[in-house]
Amino acid sequence: MKNNNPILKGIGASIGIAEGVVKIIKSAKDFKNFNKGDVLVTEITDPTMVILMAKANAIICNIGGITSHPAIVSREMGIPCVVNTKNATKILENGMIIIVDGSKGEIYLK
Amino acid sequence: MKNNKHLQWIENYSKSSYQLFEGNILKAFAPIDFYHFFPLWYDLWVERIYQAIRKIQLKKKENSYLIYLPVPSAIRAVLQKLVIIYPKCPKIDKEKIKTIIDFFVHALEEITQEDTFSLKKNIIHKPDEIDDLINKTKLHIANPEVAREIGRLVMGLGALVNGLYNDVVTDMGWDSYGPYNLYKKADENLILLIRHFPNLRPAEIWEEEGEVQILKHKEIKIYTIYKGIDCRINWLGCHPTFDKSLTDSLVTYAVEVDGRFIERVEDLTSLKEYYLNNAASHYKKVKRMKFEELKTKALWQECYQLNELFNSINMDWRPDKQMIERVKNKRLLKNLYPLGEMIDYKTYCDKFGIRELKELYKNK
């Protein structure tokens with residue numbers, strides 16, 4: 001991973017490194033496609049997504065900061081989280097396998 | 001001398017409270033843009049709080065009313081909103097806002113044992129109270145899977161209170177106390193963190209929602225002891241940060257539900273499922289609410305923060321007709337605060353009331 005350049009950067013909001021399949025969540029219609037171990041990618045999480053978040057390996061959001069909803073809950077669950085990536089929902093695609101570094105706030109293609 | 005004293009607490013307040021906005025944007029707050037909503041009616045709210053405080057001060061028993069205030073992080077949230085919003089409300093009398101600010105700062109000084117504005121900690125227990133608590137609490141040995149379940153339970157509870165109270169009143173339903181160092185106890189780097197959900201059933205602000213009234217529990221406390229981890233509580237208790245994974249660091253835990261301790265991991269899992277499902281279903285309702293409903297709800301949620309204080313002096317905490325009229329069919333204000341950009345410390349001081357706060361206390 002160290003030899004690769006990150007494909008996306010943001011603010012590391014919850015430490016740890018995890019990998020998984022990208023699942024972009026734009027509305028409740030996308031919830032059914034989410035599997036245990038996926039990486040939740042969305043504009044900003046809200047409490048309707050908690051059941052997905054409980055299954056996620058990592059969380060990535062377009063906006064938010066270290067005190068935002070995804071950051072707080074990721075830290076509690078001990079999973080990596082990167083916020084304020086600006087355009088994760090555009091750059092990442094469903095099905096991509098990625099590595100999320102929540103300490104550095106970086107996302108790599110596997 | 002007096003002036004220096006005020007400058008010192010304002011400095012401490014500024015540094016600590018900035019942590020809510022550091023690396024954040026206002027646009028991320030939900031479900032409405034609160035900071036362009038509050039100035040529509042906050043002068044009326046300030047007047048109500050002022051009347052309540054004067055009533056208390058006339059009784060000359062200010063400290064006896066501390067028990068009717070919400071948890072310390074909620075007091076900080078109330079204080080911060082007042083500081084941020086009042087410069088945008090020309091009708092607010094400066095002496096009145098000063099009386100209110102003094103009241104809440106004094107309350108925080110009385111309630112906390114150190115670090116009044118929670119720059120790094122939220123300490124409300126004395127050392128002997130912690131000793132007593134540790135001795136009386138039946139702590140269970142943790143493992144990584146239990147730690148994850150605790151994390152998911154906290155997420156479910158936190159998400160529920162976030163929906164019940166909104167993004168800027170969440171602290172009314174969620175505080176964390178600590179970290180309390182337990183070095184002396186075990187000669188190890190152990191800390192105790194207490195997560196407190198004091199009111200999971202605020203039926204008064206969701207009267208039309210039967211499901212809130214029948215939520216199973218009122219209060220949950222989660223006691224967790226971690227090893228070898230640095231924990232900080234930055235301004236608000238729902239924002240703890242950690243330098244290592246909680247999953248690997250949790251040593252022991254206890255979960256207290258309405259005064260009763262959970263004994264089995266299976267019960268912890270059921271509790272987690274219950275709150276994850278309720279949090280999701282409640283927030284679906286919030287997302288379906290129309291703009292007018294959201295404004296009214298935010299009004300109720302804001303006033304509810306001081307419901308016990310108002311009740312204790314026989315004052316009605318609920319929004320009155322005038323407040324409701326002020327927001328009804330009104331658009332939100334514009335351009336008072338930066339919505340979509342990162343807020344640095346200078347911007348925070350310039351645009352979020354710190355400059356005006358210093359001015360307010362300049363000659364006191």
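**Close-up views of chain B in a predicted model**

**View 1. Strand S3 of chain B and the strands that pair with it.** Strand S2 of chain B, residues 175-181, runs antiparallel to S3(B), and the pairing of these two strands extends over five bridges. This view, like those that follow, is taken from a predicted model. Within this pairing, B:Asp175 has B:His196 of S3(B) as its bridge partner. S3(B) also pairs with strand S4 of chain B, which covers residues 220-227, again in the antiparallel sense and here over eight bridges. In S4(B), the residue that stands opposite B:Leu190 is B:Lys227.

**View 2. The burial of strand S3 of chain B.** The strand spans residues 190-197 of chain B, and seven of its eight residues are buried, so that S3(B) can be described as mostly covered. For the chain as a whole, buried residues make up 45% of the 364 residues of chain B.

**View 3. The two domains of chain B.** In the domain assignment of chain B, domain 1 is made up of two segments, 2-118 and 291-360, while domain 2 is given as 127-287. The centres of domain 1 and domain 2 of chain B, taken over C-alpha atoms, are separated by 26 Å. Where the two domains of chain B meet, 25 residues of domain 1 are in contact with 20 residues of domain 2.

**View 4. The side of domain 1 of chain B that touches domain 2 of chain B.** Three helices of chain B, namely H1 (2-18), H3 (72-85) and H11 (291-304), each supply at least two residues of this side of domain 1. The largest share comes from H3(B), which contributes six residues to the side that touches domain 2 of chain B. By residue class, the side of domain 1 of chain B that touches domain 2 of chain B divides into 14 nonpolar, eight polar and three charged residues.

**View 5. Chain B as a whole, as a setting for the close-ups.** Chain B contains 15 helices and eight strands, and its C-alpha trace spans about 55 × 50 × 45 Å along the principal axes. The radius of gyration of chain B is 21 Å, which agrees with the value near 21 Å that a compact globule of 364 residues would have.

Technical notes
Residues are numbered from 1 along each chain as its sequence is written. Chains are lettered from A and ligands numbered from 1 in the order in which they are written. This is a predicted model: local features need pLDDT of at least 70, side-chain atom pairs count only at pLDDT 80 or more; totals for chains, interfaces and linings use all residues. Domain bounds come from an automatic or database domain assignment. Two residues are in contact if their C-beta atoms, placed from the backbone, lie within 7 Å. Helices (H or I, at least four residues) and strands (E, at least two) are DSSP runs, numbered from the N terminus. Ala, Val, Leu, Ile, Met, Phe, Trp, Tyr, Cys and Pro count as nonpolar, Asp, Glu, Lys and Arg as charged, and the others, Gly among them, as polar. A residue is buried if 20 or more other C-beta atoms lie within 10 Å of its own, exposed if 12 or fewer, and partly exposed in between; C-beta atoms are placed from the backbone. Two strands pair if DSSP finds at least two bridges between them. The radius of gyration is taken over C-alpha atoms; the globule rule is 2.2 Å times the number of residues to the power 0.38.
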